Amino acid sequence: ARAFVGLVLRISQTSSPWQVLLLTAAIGAGIALLLTWAAEEIYDSIKAADGLSSLDEPVLELAISLRTPQNVAVVQFITNLGGAIGLTMITVVIVVVMTVRWRSRTPVLLLAIGTAGSLLMTAVGKELVGRARPPVADAVPPYETSPAFPSGHALNNTVVACLLAYLLLLHLTSLLWRIVSMALAVVWFVTIGLTRVFLGYHWLTDVMAGWLLGLAWTAMVITCHRLYLTVRREQRSGTPPVAR
């Protein structure tokens with residue numbers, strides 16, 4: 001890690017901190033795509049061994065047995081909050097508030113990088129795997145027909161929720177509120193993912209893959225930002241770019 005930071009600092013001698021951030025983010029995107037390919041290979045191996053039926057089908061059967069008109073309506077409302085329109089509106093409002101209040105463009109840039117990567121991973125993963133969703137007879141209308149693996153709702157909400165929590169951690173000083181922000185992020189993306197299984201739109205393993213890929217990509221984006229902060233600190237202090 002020290003050697004890598006040293007390399008980044010040497011590169012930064014002829015680059016701005018923002019250029020370093022974008023370059024490392026591009027490298028991270030390449031790694032994320034490799035992780036998506038690896039997830040597809042693991043999925044194929046498990047499927048070949050017939051291991052999915054022991055997990056996915058019983059969970060779906062349990063979800064069907066728990067459905068009532070009342071809880072289905074509530075779950076549909078929650079899952080729509082994590083959809084393309086709902087998640088975009090919520091994210092834009094929060095990012096605008098953060099940007100104005102903190103007078104910083106960091107929230108805009110990190111969320112732009114994070115969501116672009118998660119959408120790319122979702123599209124590539126679905127194309128690589130092409131897994132069918134649960135049978136229409138087991139799902140709640142309106143039905144969805146795009147490939148199932150990985151769950152875009154799970155992946156995208158994991159990235160957005162965790163990055164927003166990370167941005168809050170940069171400004172919160174109270175340990176209690178730092179814990180609350182992290183807990184809320186986890187509750188959010190786990191809940192959104194489970195709604196997809198409950199409504200029969202995804203198998204549980206689709207959602208689990210979305211969570212894991214989302215967490216991996218979030219870790220990469222945060223690492224890129226930490227490198228940016230390191231480069232900016234070194235350039236402002238005027239100290240030689242050495243690994244620490």
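The side chains of aspartate 56 and threonine 205 are joined by a polar contact of 2.7 Å; such a contact is a pair of N or O atoms within 3.5 Å, where within protein one must be able to donate a hydrogen and the other to accept it, and residues adjacent in sequence count only if both atoms are side-chain atoms. The model is predicted: local features need pLDDT of at least 70 and side-chain atom pairs count only at pLDDT 80 or more, while totals for chains, interfaces and linings use all residues. Residues are numbered from 1 along each chain as its sequence is written, and side-chain values use heavy atoms, with hydrogens and water left out. The protein has nine helices and zero strands, where helices (H or I, at least four residues) and strands (E, at least two) are DSSP runs numbered from the N terminus.

- Aspartate 56 is placed in helix H3, which covers residues 56-66.
- With a relative accessible area of 3%, aspartate 56 is buried (buried means under 20% relative accessible area, exposed over 50%, and partly exposed in between, using a 1.4 Å probe and protein chains only).
- Leaving aside residues up to four places away in sequence, aspartate 56 touches Arg131, Trp203, Leu204 and Thr205 (contact means heavy atoms within 4.5 Å).

**Overall organisation**

- Of the 244 residues of the protein, 43% count as buried.
- Among contacts with a separation of 6 or more, 82% are between residues 24 or more positions apart.

**Packing of H7 and H8**

- Helix H7 (residues 152-169) packs with H8 at an angle of about 175°, their axes being 9 Å apart; axes are lines fitted to C-alpha atoms, for helices over the stretch in contact, and angles run from 0 to 180 degrees between N-to-C directions.
- H7 and H8 are therefore roughly antiparallel to each other (angles under 35 degrees count as roughly parallel, over 145 as roughly antiparallel, 65 to 115 as roughly perpendicular and the rest as oblique).
- Residues of H7 in this contact include Ala161, Cys162 and Ala165, and those of H8 include Ala185, Trp188 and Phe189.
- By class, the contact of H7 with H8 has 11 nonpolar, five polar and two charged residues (Ala, Val, Leu, Ile, Met, Phe, Trp, Tyr, Cys and Pro count as nonpolar, Asp, Glu, Lys and Arg as charged, and the others, Gly among them, as polar).
- Valine 180, in helix H8, is partly exposed with a relative accessible area of 27%.
- The C-alpha atoms of valine 180 and alanine 165 are separated by 9.3 Å, the two residues being 15 apart along the chain.

**Packing of H4 and H8**

- Helix H4 (residues 69-81) and helix H8 (residues 175-198) pack at about 125°, with axes 9 Å apart.
- H4 and H8 are therefore oblique to each other.
- Among the residues making the contact are Val72, Val75 and Ile78 of H4 and Trp188, Ile192 and Phe198 of H8.
- The contact of H4 with H8 has seven nonpolar, four polar and one charged residues.

**Backbone geometry in the loops**

- Most residues other than glycine have a negative phi, and most peptide bonds are trans.
- A cis peptide bond with omega of about 5° joins proline 141 and proline 142, and proline 142 lies in the loop between helix H6 (106-129) and H7.
- The bond from phenylalanine 149 to proline 150 is also cis, with omega near -5°; proline 150 lies in the loop between H6 and H7.
- Arginine 103 has a positive phi near 50°, is found in the loop between helix H5 (84-102) and H6, and is exposed, with a relative accessible area of 81%.
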